[in-house]
Amino acid sequence: MTTDELIVEARDGVGRLVLNRPRAINALTPAMLSGIHEALDDWADDGSIVRVEISGAGERGLCSGADVRALREHLLSGGDPMEFFEIEYAMNAAITSYAKPYIAHMRGITMGGGLGVSAHGSRRIVYPDSTLAMPETIIGFIPDVGILWYLAAAPGELGTHVAMTGNPINAADAVLVGLADEIDASGGEAPASVLETWRGWIDECYASDDPAAIVQALEAHADPDANATAADLRKRCPLSVAVTLEAIRRAKTMSGVEDVLAQDLTLARHLIPRPDFAEGVRAQLVDKDRNPVWQHARIEDVTRDEVLACFER
């Protein structure tokens, strides 16, 4: 079965999924999400299929994430955006509990929803050119698709840093924080870990449960990389940064990916309809002026009550 957006084929005992929107770095649409889920269901009971592999068409990467530009347009036209997330998270959960080996080839850009179709697999392979990120705080959302389950379990506060900043990480750091299992270096030399060299100031500055205190600690630190990180966080959506910190702290006490996905769905229901999401996508992906006007001017302006309200079901 092949569509314009998703190639689904079974050959030599392998069920192959190829995301097929290379010009959009294989950004995910509802049809692609449903197609993946349907294929997994079909192959689950097919004795001729011994494993599943997922990859992306083109040279740029596995997947840049959900097609949030289309999601924004749907939202602004009065549509209900939640169906997208319900379809996506159900598919993520299906990968998590899949009974057969699920191998993800995380070449090039693998971000947002791209991690949702790969990081829950049983064998997650990164490459020298792999660039991973959950960049949602820059568009007024939070790192979703269950990824906070892994980041909450990362060494020290490395996962907190990755989640709150949304900054990209390389293949070595992807393995370090639990988003990948191995590096295939047959095509080039594997990169060295950056986060490992930053571990000292990251663990020190991110120890607080107060997002404003974290940013202030980064600003006051002697390491210029910590100062640069603070500047990055100041550009992110203040509410998203604060909610992400609370979400990853809660994820640390949860029992599995499914619990994190349930939390993600609750947060999506609160955050996606807010002006920050449409504004963040506009600034980053539509007008590309990189100058969003958030509802809160600073992280310090976000109240604890506003954060907790986002977790109400």
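Colleague: Where does Ser 130 lie?

Modeller: This is a predicted model. In it, Ser 130 sits in the loop between β6 (123-126) and β7 (131-133).

Colleague: Why is Ser 130 called buried?

Modeller: Buried means under 20% relative accessible area. Ser 130 has 3% relative accessibility, so it counts as buried.

Colleague: What makes the approach of the Ser 130 side chain to the backbone oxygen of Met 106 a polar contact?

Modeller: The cut-off is 3.5 Å between N or O atoms, with one able to donate a hydrogen and the other to accept it. A polar atom of the Ser 130 side chain lies 2.5 Å from that backbone oxygen. The side chain of Ser 130 also reaches the backbone nitrogen of Tyr 127, at 2.8 Å.

Colleague: Which residues does Ser 130 touch, leaving out those up to four places away in sequence?

Modeller: Ser 130 touches Met 106, Arg 107, Gly 108, Ile 169, Asn 170 and Ala 171.

Colleague: Which residues of α9 are buried?

Modeller: In α9 (residues 211-220), they are Pro 211, Ala 212, Ile 214, Val 215 and Leu 218.

Colleague: How do you know that they are on the same side of α9?

Modeller: They cover an arc of only 160 degrees around the axis, so they fall on the same side of α9. The buried residues of α9 pack against α6 (158-165), α8 (195-205), α10 (224-235) and α11 (238-251).

Colleague: What is found at the start of α9?

Modeller: A side-chain oxygen of Asp 210 comes to within 3.0 Å of the backbone nitrogen of Ala 212.

Colleague: How much space lies in the largest pocket?

Modeller: About 870 Å³. Of the 38 residues that line the largest pocket, Ser 64, Gly 65, Ala 66, Val 68 and Leu 285 are the closest to its centre.

Colleague: How do the residues of that lining divide?

Modeller: The lining of the largest pocket has 19 nonpolar, eight polar and 11 charged residues. α2 (68-76), α3 (82-96), β5 (109-111) and α13 (275-286) each supply at least two residues of it.

Definitions and conventions: Residues are numbered from 1 along each chain as its sequence is written. This is a predicted model: local features need pLDDT of at least 70, side-chain atom pairs count only at pLDDT 80 or more; totals for chains, interfaces and linings use all residues. Side-chain values use heavy atoms; hydrogens and water are left out. Buried means under 20% relative accessible area, exposed over 50%, partly exposed in between (1.4 Å probe, protein chains only). Helices (H or I, at least four residues) and strands (E, at least two) are DSSP runs, numbered from the N terminus. The arc is that of the directions from the helix axis to the C-beta atoms. Contact means heavy atoms within 4.5 Å. On a 1 Å grid over the protein atoms alone, a cavity is a set of points where a 1.4 Å probe fits but cannot get out, and a pocket is an open set with protein on both sides within 12 Å along at least five of seven lines; lining residues have an atom within 4 Å of a point. Grid points are joined across faces, edges and corners, and a volume is the space filled by probe spheres set on the points. Ala, Val, Leu, Ile, Met, Phe, Trp, Tyr, Cys and Pro count as nonpolar, Asp, Glu, Lys and Arg as charged, and the others, Gly among them, as polar.
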